[in-house]
Structure formats: structure tokens, C-alpha cells
Amino acid sequence: GHTIRLGYEKVAQLSGVVLNEENKPIRSDIVLEDSQGKEVKKTKSDAEGKYSMDASLWSKSSYTLSFFNDSSFVNSKVLSADLLEKTNYKISDIKTILPKLRGGKKYILGGINFYGGTPELVPQSYSSVYSLGKLMKKNKKMTIRIEGHINDPGNSSLESHENLSEQRALAVYNMLLLKGIEKERISTIGFGSMYMLFPLSNATENQQAANRRVEINVLSLK
């Protein structure tokens with residue numbers, strides 16, 4: 001079937017600052033994309049890490065801001081429809097940290113989410129994966145292992161949903177292949193619920209969401 005969505009355009013005013021791990025300003029490419037991963041607008045942060053953009057957005061829709069440069073790991077921020085409406089499409093305090101890209105270090109791939117109980121990425125996740133692909137194209141010798149993690153409060157186990165965590169890692173893997181990244185540069189593994197960030201049975205909803213994550217282990221940059 002088909003979905004008919006009613007709405008109208010709103011002009012959004014977005015601005016913020018991009019910093020490194022030492023809270024020092026850095027230059028970054030910044031791309032605003034819709035819920036299907038289609039580019040809406042792009043800009044760059046200046047020498048002070050500051051940026052701003054105006055963009056016509058579809059009301060009642062969510063968007064993603066993706067940040068990347070050659071020497072940092074990527075970061076993405078979801079601008080939900082509720083947040084945009086609450087702020088009347090004016091957000092001026094978006095602070096983004098881009099950690100230094102290093103071999104032998106793990107990074108959480110932000111902005112990633114899956115349909116409940118499935119390995120299928122929700123469309124809003126595409127921007128994060130595309131940004132990772134751009135980073136790998138700029139760092140042509142970069143090799144990674146995609147590590148999937150599942151939420152199962154009170155049951156820290158490799159066997160707990162190991163297959164689902166592996167399939168979720170493979171979903172990211174397959175998208176990178178579609179973006180032209182060589183398969184020899186990517187491997188995958190699923191850790192089930194063995195390494196939950198918040199393993200207690202009374203974990204909050206936000207903590208449980210944090211357990212459902214994909215980490216990128218940068219094996220080598222050379």
C-alpha cells in the first residue's frame with residue numbers, strides 16, 4: 001500500500017559548535033539529512049568550531065545532523081519532529097564532540113536504531129552509516145570490526161540474542177558495502193547482551209536503549 005503524509009514546510013534555523021575531546025574547536029563537514037538519508041543541506045564549521053544553517057524542513061518529520069572530518073570519528077544527532085516543533089524550528093545550542101580517530105579504539109556509532117526485535121535499521125539510522133562510509137573513503141587503509149550489542153536486563157550473556165546482535169552488525173556491514181567500501185576492510189561480530197552498559201534488571205528505558213548499540217572497533221588506520 002501507500003502512505004499519504006500531510007504537512008507543510010517550515011524554515012529551520014540550526015546552529016552550534018563542534019569540539020574535540022579536549023573541548024577545543026575543530027573544523028567539520030556537517031550534513032543535514034531527512035529520515036530516508038537524503039541530503040537536505042550541508043555546511044562546515046569554521047576555525048572556532050561554529051556553524052549555522054537555514055533549511056526548509058517538512059513539518060512532523062525527523063532529521064539527522066551528521067558531523068565528520070578526516071581525522072575524527074563520526075557523530076550524528078537526531079532532530080526529532082517533537083524537538084523541532086517544541087523549539088519552533090530554532091535550535092542554537094547544538095554541541096557536538098568529535099573524538100580523535102585512532103587505531104585500536106572502539107567508538108559507539110551514534111544515531112543507530114533498529115525495529116524492535118529485528119536486525120532491520122530504521123531509516124533515520126542511514127545517515128550515521130553513510131557518514132562512517134565517507135570516513136572510510138577518506139581513510140582508505142582504515143579497517144574496522146562492527147560489534148553488535150543487545151539489551152537483556154539482568155541477563156548478561158553471550159548466548160542471549162547472539163544471533164540478533166550479529167545480524168544487526170551485518171546490517172551495518174551490508175550498507176557499507178552498498179556505499180562502495182571493500183568487504184576486506186570490514187568484519188562483524190555479535191556479543192549478545194554480554195557487554196551491556198547498564199546490565200541491571202532495573203535499568204531505565206534510556207539505559208536499556210543505550211544497551212542496544214553498535215560499536216565500531218577501528219582495527220587499523222595504516
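**Close-up 1. Tyr89 sits in the loop between helix H1 (81–86) and strand E7 (90–97).** The model is a predicted one, in which local features need pLDDT of at least 70 and side-chain atom pairs count only at pLDDT 80 or more, while totals for chains, interfaces and linings use all residues. Residues are numbered from 1 along each chain as its sequence is written, and side-chain values use heavy atoms, with hydrogens and water left out. Helices (H or I, at least four residues) and strands (E, at least two) are DSSP runs, numbered from the N terminus. Phi of Tyr89 is near 65°, a positive value in a residue other than glycine. Most residues other than glycine have a negative phi. Is Tyr89 buried or exposed? With a relative accessible area of 3%, Tyr89 is buried (buried means under 20% relative accessible area, exposed over 50%, and partly exposed in between, using a 1.4 Å probe and protein chains only).

**Close-up 2. Lys60, in the loop between E4 and E5, also has a positive phi.** Here phi is near 65°, and Lys60 is a residue other than glycine. Lys60 has a relative accessible area of 54%, so this residue is exposed.

**Close-up 3. Asn69 occupies the loop between strand E5 (63–68) and strand E6 (75–79).** Its relative accessibility is 11%, so Asn69 counts as buried. Which backbone atom lies 2.9 Å from a polar atom of the Asn69 side chain? That atom is the backbone oxygen of Arg27.

**Close-up 4. Asp70 and Lys138 meet in a salt bridge, 3.4 Å from N to O.** This pair links distant parts of the chain, with Asp70 in the loop between E5 and E6 and Lys138 in helix H2 (residues 126–138), 68 residues apart. A salt bridge is a side-chain nitrogen of Lys or Arg within 4 Å of a carboxyl oxygen of Asp or Glu, and by this rule the count comes to twelve. Asp70 is partly exposed at 46% relative accessibility, and Lys138 is partly exposed at 38%. If you follow the charges onward, a network of salt bridges links Asp29, Lys44, Asp70 and Lys138.

**Close-up 5. Glu147 and Arg145 form a salt bridge, with 2.7 Å between N and O.** Glu147 is buried, with a relative accessible area of 0%, whereas Arg145 is partly exposed at 24%. A further salt bridge joins Lys50 to Glu48, where the closest N and O atoms are 3.8 Å apart. Lys50 is partly exposed, at 47% relative accessibility.

Close-up 6. Tyr51 belongs to strand E4 (residues 50–58) and Phe67 to strand E5, so the pair ties together parts 16 residues apart in sequence. Both partners are buried, Tyr51 at 5% and Phe67 at 0% relative accessible area. Phe191 is buried at 10%, while Tyr195 is partly exposed at 43%.

**Close-up 7. Thr64 lies in strand E5.** At 1% relative accessibility, Thr64 counts as buried. Not counting residues up to four places away in sequence, Thr64 touches Val31, Leu32, Glu33, Ser76, Lys77, Val78, Gln124 and Ser127.

**Close-up 8. Helix H2 has 13 residues.** From first C-alpha to last, H2 reaches 19 Å, close to the 18 Å expected at 1.5 Å a residue (the expected span is 1.5 Å times one less than the number of residues). Among the buried residues of H2 are Ser127, Tyr130, Leu135 and Met136. The charged end of Lys179 sits over the ring of Tyr130, 4.4 Å from its centre (the rule asks for NZ of Lys or CZ of Arg within 6 Å of the ring centre and within 35 degrees of the ring normal).

Note on methods: Polar contact = N/O pair within 3.5 Å; in protein donor to acceptor, adjacent residues only side chain to side chain. Contact = heavy atoms within 4.5 Å.
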